[in-house]
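Here is a friendly walk through one protein chain, meant to be read with the model open beside you. Please have a look at the fold, then read on.

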Amino acid sequence: MGNLCVFDHPLIQHKLSILRDKNTSVKEFREIISEIAMLMCYEATRDLPLEEIEVETPVAKAKCRRIAGKKLAVVPILRAGLGMVDGMVSMMPNVKVGHIGLFRDPETLEPVKYYFKMPPDIQERDAIVVDPMLATGGSASAAIRFLKETGVRHIKLMSIIGAPEGVKKMTEDHPDVDIFVAAMDDHLNEHGYIVPGLGDAGDRIFGTK
Ligand code: PRP
Ligand code: URA
């Protein structure tokens, strides 16, 4: 699985252990999802191109490097992906945010689209799709297909927990997309939940169960 990157940084792993705990409160769950997104964003943007500039410090001129005007968009898959947006935006305050609304049909586990709103110049941007759970991969694969239909060329997927089934589907459907996760779990259960996972991410972020 060539384009899969698992972030095993101690801070991320520590926070993930709190997310997995079924006794973690909605407040703490939401905060930690956001913090992990921030830490993952730091790593996943490591290849952003830089340009040299000169800055005058109070002492002398300094050669510095800044991000070379790369246009980015963060694209959460609703609902649970929304939980990762704040962390990303706190790292990249001017980033544009597009939204894709999908839910998994509980019977078929197939993704159903109910919302799609992108920045008007989305085809000029690189996109980072965010969704905490990559389970069957149906939602992420469909979201990325819809994004590609708008003309977006470079797409990364950032999830907190991945299942082997989801990574396999993504690499088959979208071999050009780099996948970043904080953990690769064991398998899916008969309801399509990641085992051991963390349960239903959307319900735990929004307190709907
Ligand atoms: C969850 C999760 C992903 C999807 C992953 O969303 O946030 O979007 O399931 O599963 P998949 O890889 O099998 O497609 P859900 O459908 O529960 O909707 P929600 O975010 O609105 O709770
Ligand atoms: N969606 C979730 O929220 N959790 C899972 O384990 C699988 C899909």
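## A well-covered helix

Let's begin with helix 4: nine of its 12 residues are buried, so this helix is largely enclosed by the rest of the structure. Buried here means under 20% relative accessible area, exposed means over 50%, and partly exposed lies in between (1.4 Å probe, protein chains only). Helices (H or I, at least four residues) and strands (E, at least two) are DSSP runs, numbered from the N terminus. The buried residues of helix 4 are Gly138, Ser139, Ala140, Ser141, Ala142, Ala143, Ile144, Phe146 and Leu147.

Helix 4 covers residues 138–149, and at 1.5 Å a residue these 12 residues should span 16 Å; the end C-alpha atoms are 17 Å apart, which agrees. The expected span is 1.5 Å times one less than the number of residues in the helix. After helix 4 comes Gly151, with a positive phi near 105 degrees.

## Where the model comes from

This is a predicted model, in which local features need pLDDT of at least 70 and side-chain atom pairs count only at pLDDT 80 or more, while totals for chains, interfaces and linings use all residues. Residues are numbered from 1 along each chain as its sequence is written, chains are lettered from A and ligands numbered from 1 in the order in which they are written, and side-chain values use heavy atoms, with hydrogens and water left out.

## The chain as a whole

The chain has six helices and 15 strands. For 209 residues, a compact globule would have a radius of gyration near 17 Å, and the 18 Å of this chain agrees with that. The radius is taken over C-alpha atoms, and the globule rule is 2.2 Å times the number of residues to the power 0.38. Along its principal axes, the C-alpha trace spans about 65 × 40 × 30 Å.

Of the 209 residues, 45% count as buried. Contact means heavy atoms within 4.5 Å; among contacts between residues at least 6 apart in sequence, 62% join residues at least 24 apart. The accessible surface comes to about 11,000 Å², and 53% of that belongs to carbon and sulfur atoms; such areas come from the Shrake-Rupley method with a 1.4 Å probe, and for residues only the protein chains shown count as cover.

Helix 2 runs over residues 26–44; at 1.5 Å a residue, its 19 residues should span 27 Å, and the end C-alpha atoms are 26 Å apart, which agrees. Its buried residues are Phe29, Ile32, Ile33, Ser34, Ile36, Ala37, Met40, Cys41 and Ala44. An α-helix has 3.6 residues a turn, so residues three or four places apart point the same way.

What do the buried residues of helix 2 pack against? Their partners are helix 1 (10–20), helix 3 (85–91), strand 10 (155–158), strand 12 (178–181) and helix 6 (201–206).

Met133 sits in strand 9 (residues 133–134) and is buried, with a relative accessible area of 18%. Leaving out residues up to four places away in sequence, Met133 touches Ser159, Ile161, Ile194, Leu198, Gly199 and Ala201. Met133 and Arg20 lie 113 residues apart in sequence, with 12 Å between their C-alpha atoms.

Ala183 belongs to strand 13 (residues 183–184) and counts as buried at 8% relative accessibility. Beyond residues up to four places away in sequence, Ala183 touches Val6, Leu16, Arg20, Ile160, Ile161 and Gly162.

## Loops and backbone details

Most residues other than glycine have a negative phi, and most peptide bonds are trans. A cis peptide bond joins Leu78 and Arg79, with omega about -10 degrees, and Arg79 lies in the loop between strand 4 (72–78) and helix 3. Another cis bond links Val195 and Pro196, with omega about 0 degrees; Pro196 is in the loop between strand 15 (194–195) and helix 6.

Leu109, in the loop between strand 6 (99–104) and strand 7 (111–117), has a positive phi near 65 degrees. Gly192 lies in the loop between strand 14 (187–188) and strand 15 and counts as buried at 3% relative accessibility. Neighbours within four places in sequence aside, Gly192 is in contact with Arg104, Leu109 and Ala135.
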